[in-house]
Amino acid sequence: MARYSAFSIFRNALSGQKSWQRAWRAAEPKPSYDVIVIGGGGHGLATAFYLAENHGIRNVAVIEKGYVGGGNVGRNTTVIRSNYLLDGNTQFYEFSMKLWEGMSRALNFNVMFSQRGQLVTAHSADQLDGFSHRANIMRLNGIDADILDREEVRRLVPYLDFSDTARFPIHGAIFQGRAGTARHDAVAWGYARAADGHGVDIIQNCEVTGFVRDGERIVGVETTKGRIGAGKVGLAVAGHTSILGAKAGLELPIESHVLQAFVTEPLKPLVDHVVAYGADHFYVSQSDKGGLVFGGNLDGYNSYAQRGNLGVVREVAEAAIALMPCISRIRLLRHWGGVMDMTPDASPIICPTAIDGLYLNGGWCYGGFKATPASGWCFAHTIATGKPHPLIAAYGLDRFRTGRTLDEAGVGPSAWLQ
Amino acid sequence: MLRIECPCCGPRDHDEFRYGGDASVTRPAHDDPDPEAWYAYVYVRKNPAGLHREFWQHVIGCRQWLVVERDTRNHVISSVAFARTSQA
């Protein structure tokens, strides 16, 4: 794998930019691998990379139904933060944040990680108290967090509605300066290229249709490109976790829901941070091209259609204008949907399963993008050693049986209410 | 927007309804001591890509709970019935 550098750009300029290599090989499946990771999204590719990088397991294949970057890793709103409240989540997402901070260097690929800061507005004294609780927990875990009063918020983001007629007046905000965004396609491409550089086969346009068993143990997968043997199989298929889980015989506490995201026509620089609305479900950042990228609530009923309904478009637009009246005349350029694997407690599931040889990584709800590097790191550890990484000890599937749920959303087992 | 043919009120937009999730789950008997049955009732969901039997309540209408059969891949609704008379 040729390294990318300023010098390589210069050298390739001399030959008219015609001698660049493919970022990764177009691999065809071998008869068998030590590990097969199903799902060529951010989590699956990161898992393959860390299997090779951290554990020396290089006889690995990533099998992707479509193309790399075509699923949720290319459909999210690119927000990265580590402002989680509950023990287990707090430490895991901060570990992820630290991996983000070194990612471009580690992958030799510019993922355009931009630590522009994220704030969530508070609209009552009580809500600000709740945010102070969260900020204190973050600080106790060594994570940066600040509580801002109304005037500090106004200085930072003067374009929000600070008028006397605001439906939910802004009392203050919680702010994490190290939070930000990254170019999500670059994350998928960077991990794919770096994993390929370690010898991992990335097999696209290859759907897994079933599992091969030897007794109780899973020893391979059936695919549209034939049977492929595997020492271990890792599942990282986001919204389709229930479908593939069912093929393996797992009944899971997961519902698949559609989440929509939106981008407006390009504007001059306006939104310098990631801003989330504390009175409703709406969050926004501005892309390098100038479009406002934002999202809101789930559509609210089980769906595998990667498109959403117009009622939610209206609700999100209402929240947007309540927070930022100045964008009421901006036109939407595009909106799209992704299929989210929603768990009952809004926390992910990464663990070995009851089926020998099968490892599960799913249930990311709509917070999977920020977890990409830590998820890959910990899942690779779990597959390599057969035991959960300490950072994901709380993410076992058995937590629903034992009552140790991590109810970060606080809505109980109704995925569509998150 | 989904259009749900309420057996009481006729075709209505889905935002008149409240979603109630997988209609295939059955509540164990109140004195059932088996934790596995309660785990399945509270948490485990079918979540198929295809025909899904699901509860909807017509909250801005007749307030009846309905069982709707809908394809989760394309949202085509094949049947709607009152939940109280529908077979689980």
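**View 1. Helix H8 of chain A and its buried side.** In H8(A), the buried residues include Thr241(A), Ser242(A), Leu244(A) and Gly245(A); buried here means that 20 or more other C-beta atoms lie within 10 Å of the residue's own, with C-beta atoms placed from the backbone (12 or fewer is exposed, in between is partly exposed). Helices (H or I, at least four residues) and strands (E, at least two) are DSSP runs, numbered from the N terminus. The buried residues of H8(A) pack against strands of chain A: E1 (32-38), E9 (208-214), E11 (226-235), E12, E16 (332-342) and E18 (358-362). Just past H8(A), Gly249(A) has a positive phi of about 95°.

A word on the model before the other views. It's a predicted one, where local features need pLDDT of at least 70 and side-chain atom pairs count only at pLDDT 80 or more, while totals for chains, interfaces and linings use all residues. Residues are numbered from 1 along each chain as its sequence is written, and chains are lettered from A and ligands numbered from 1 in the order in which they are written.

**View 2. Where chain A meets chain B.** Here 22 residues of chain A are in contact with 17 residues of chain B, contact meaning C-beta atoms, placed from the backbone, within 7 Å. E15(A) gives the largest share, three residues. By type, that side of chain A splits into 11 nonpolar, eight polar and three charged residues; Ala, Val, Leu, Ile, Met, Phe, Trp, Tyr, Cys and Pro count as nonpolar, Asp, Glu, Lys and Arg as charged, and the others, Gly among them, as polar. The predictor gives the complex an ipTM of 0.95 and a pTM of 0.96.

**View 3. The hairpin in chain B.** Strands E1 (residues 3-6) and E2 (residues 10-13) of chain B pair in the antiparallel sense over four bridges, where pairing takes at least two DSSP bridges between the strands. Three residues make the hairpin link from E1(B) to E2(B), and Glu5(B) sits opposite Pro11(B) of E2(B). Chain B has a mean pLDDT of 94, with 98% of its residues at 70 or more; pLDDT is the predictor's confidence in each residue, from 0 to 100.

**View 4. Two domains of chain A.** Domain 1 takes in 27-89 + 183-254 + 345-417, and domain 2 covers 256-342; such bounds come from an automatic or database domain assignment. Taken over C-alpha atoms, their centres are 27 Å apart. Across the boundary, 18 residues of domain 1 are in contact with 20 residues of domain 2. The domain 1 side has eight nonpolar, nine polar and one charged.

View 5. A nonpolar core is a set of buried Ala, Val, Leu, Ile, Met, Phe, Trp, Tyr and Cys residues joined through C-beta atoms within 7 Å. The largest has 124 residues, and Tyr191(A) is one of those touching the most other members. Helix H10 (residues 368-385) of chain A brings the largest share, eight residues. The core lies between domain 1 and domain 2 of chain A because both give residues to it. Leaving aside neighbours within four places in sequence, Tyr191(A) is in contact with residues including Gly42(A) and Leu107(A). Gly42(A) belongs to helix H2 (residues 42-55) of chain A and is buried, with 32 other C-beta atoms within 10 Å.

Definitions and conventions:
Contact = placed C-beta atoms within 7 Å.
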